Amino acid sequence: MTIITGRAKIAAVLGWPIQHSRSPLLHNFWLDRYQIDGAYIPLAVKPEDLRKVIQGMVAAGFKGCNVTIPHKEAAYLCCDRVDEAAKKMQSVNTLWFEPDGTICGTSTDGLGFVASLLDQEVSLKRCKVLILGAGGAARSVVTALSDVGAVITITNRTSSKAKQLINDLDIKANQLNWEDWPNSLEQFDLLVNTTSLGMEGKEDFAFDLTYAHPKLVVTDIVYVPRVTPLLKAAQDKGLKTVEGLGMLLHQARLGFEKWFGVNPTVDQELTEYVASSLRK
Ligand SMILES: NC(=O)c1ccc[n+]([C@@H]2O[C@H](COP(=O)([O-])OP(=O)(O)OC[C@H]3O[C@@H](n4cnc5c(N)ncnc54)[C@H](OP(=O)(O)O)[C@@H]3O)[C@@H](O)[C@H]2O)c1
């Protein structure tokens, strides 16, 4: 077990509520693995307290924090410096504090998504991708895929939101009607579900993969359950699949490196450790 001394580096995750966050489990696993004198703690922060908590963390010598629902947009406005990814998203999930107190922020979900696919040897340059959904997570995924040169098509139940997303992000992307995507599947190399369909507790949805090309890769950013209905349908057809848990684990790496100085590895041991907590 890691010993926490008076020199410990401290980071946190801020959310409201926060008790469902898997981030403390994940970061403390890495702190233990790399024998780092540090800690990562969950903080339940009401929306109206966010700014003063972040400023308090700077004053208290924290290295930085993650922010989760509902703080991602408000935390963006608390940053002194943000990168291009955050600017496009107008939101952040990872903050780090410079020694002079400068609050820096970025959004790592897109990076995590791409890393989880590269980890499974899915090549993304010029890859023809069909994205289901146009919510908050879709914005990160679309931005990251666009940055690596994928050819993007978006379909969403509410088509005006897909249009809005393409306009807001100022990217080149095609749009498909929600009713039409199953019949158009043959032209794509990668199918990504960014909707909440298939998530535990949501209504059942039958993903129709009848027209999938045999080489189609299917990924779902939903990770509870680990094998979602979409991934199950793809596996039944013998298609390659990439689970959403990888995105969750990879998006955490940049923050850990900024706060604790080690670029941590995502491997089978960590994946199984976090996955076992999802079953509880
Ligand atoms: N793996 C990870 O690290 C990671 C990271 C972030 C999020 N996620 C997961 O991603 C999912 C989406 O999160 P989010 O923040 O993007 O949510 P969000 O902003 O609320 O967007 C939800 C999306 O799902 C669509 N949708 C919901 N119900 C639907 C239905 N019955 N039929 C068709 N489409 C439906 C919505 O379409 P409309 O626009 O038509 O409503 C919208 O596109 C969640 O399950 C979340 O847990 C995973």
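Helices (H or I, at least four residues) and strands (E, at least two) are taken as DSSP runs and numbered from the N terminus. The structure is a predicted model, in which local features need pLDDT of at least 70 and side-chain atom pairs count only at pLDDT 80 or more, while totals for chains, interfaces and linings use all residues. Residues are numbered from 1 along each chain as its sequence is written, and side-chain values use heavy atoms, with hydrogens and water left out.

By these criteria the secondary structure of the chain comes to twelve helices and twelve strands. The C-alpha trace spans about 60 × 40 × 35 Å along its principal axes. The radius of gyration, taken over C-alpha atoms, is compared with a globule rule of 2.2 Å times the number of residues to the power 0.38. For 280 residues a compact globule would have a value near 19 Å, and the chain, at 19 Å, agrees with this. Accessible areas come from the Shrake-Rupley method with a 1.4 Å probe, and for residues only the protein chains shown count as cover. The chain exposes about 13,800 Å², of which carbon and sulfur atoms supply 50%. Residues are classed as buried under 20% relative accessible area, exposed over 50%, and partly exposed in between (1.4 Å probe, protein chains only). Of the 280 residues, 49% count as buried. Contact means heavy atoms within 4.5 Å. Among contacts in the chain with a separation of 6 or more, 65% are between residues 24 or more positions apart.

Threonine 106 lies in strand S6 and is buried, with a relative accessible area of 5%. Not counting residues up to four places away in sequence, threonine 106 touches Asp83, Ala85, Ala86, Val92, Asn93, Thr94, Trp96 and Leu254.

Two annotations were taken from UniProt; positions are in the numbering used here, feature names are shortened, and annotations may be inferred rather than shown by experiment. The unreviewed entry lists Lys72 under "active site". Lysine 72 is found in helix H3 (residues 72–78) and is partly exposed, at 23% relative accessible area. Apart from neighbours within four places in sequence, lysine 72 is in contact with Val67, Ser91, Val92, Asn93 and Asp109. The unreviewed entry also carries the annotation "domain: SDH C-terminal", covering residues 244–264. This span is 71% helix and 0% strand, and its end C-alpha atoms lie 19 Å apart.

Nonpolar cores were defined as sets of buried Ala, Val, Leu, Ile, Met, Phe, Trp, Tyr and Cys residues joined through side-chain atoms within 4.5 Å. In soluble globular proteins, nonpolar side chains tend to be buried together. The largest nonpolar core has 28 residues, of which Phe113, Ile131 and Leu145 touch the most other members. Two or more residues each are given to this core by helix H5 (109–119), strand S7 (128–132), helix H6 (136–147), strand S8 (151–155), helix H7 (159–169) and strand S10 (190–193). H6 supplies the largest share, five residues. Leucine 145 is in contact with Phe113, Val114, Leu124, Val129, Ile131, Ala150 and Ile152, leaving aside neighbours within four places in sequence. A second, separate core of 23 residues includes Tyr40, Phe256, Trp259 and Val274.

The structure holds eleven salt bridges, each being a side-chain nitrogen of Lys or Arg within 4 Å of a carboxyl oxygen of Asp or Glu. One of them joins lysine 52 and aspartate 49, whose closest N and O atoms are 3.2 Å apart. Lysine 52 is exposed at 56% relative accessibility, whereas aspartate 49 is partly exposed at 22%. In another, arginine 81 pairs with glutamate 98 at 3.0 Å between the closest N and O atoms. This pair links distant parts of the chain, with arginine 81 in strand S4 (residues 81–82) and glutamate 98 in the loop between strand S5 (94–97) and strand S6 (103–106), 17 residues apart. Arginine 81 is partly exposed at 45%, as is glutamate 98 at 27%.

Glutamate 243 forms a salt bridge with arginine 226, the closest N and O atoms being 2.7 Å apart. Glutamate 243 lies in the loop between strand S12 (240–242) and helix H10 (245–251), and arginine 226 in the loop between strand S11 (217–220) and helix H9 (229–236), so the pair ties together parts that are 17 residues apart in sequence. Glutamate 243 is partly exposed, with a relative accessible area of 25%, and arginine 226 is partly exposed at 22%.
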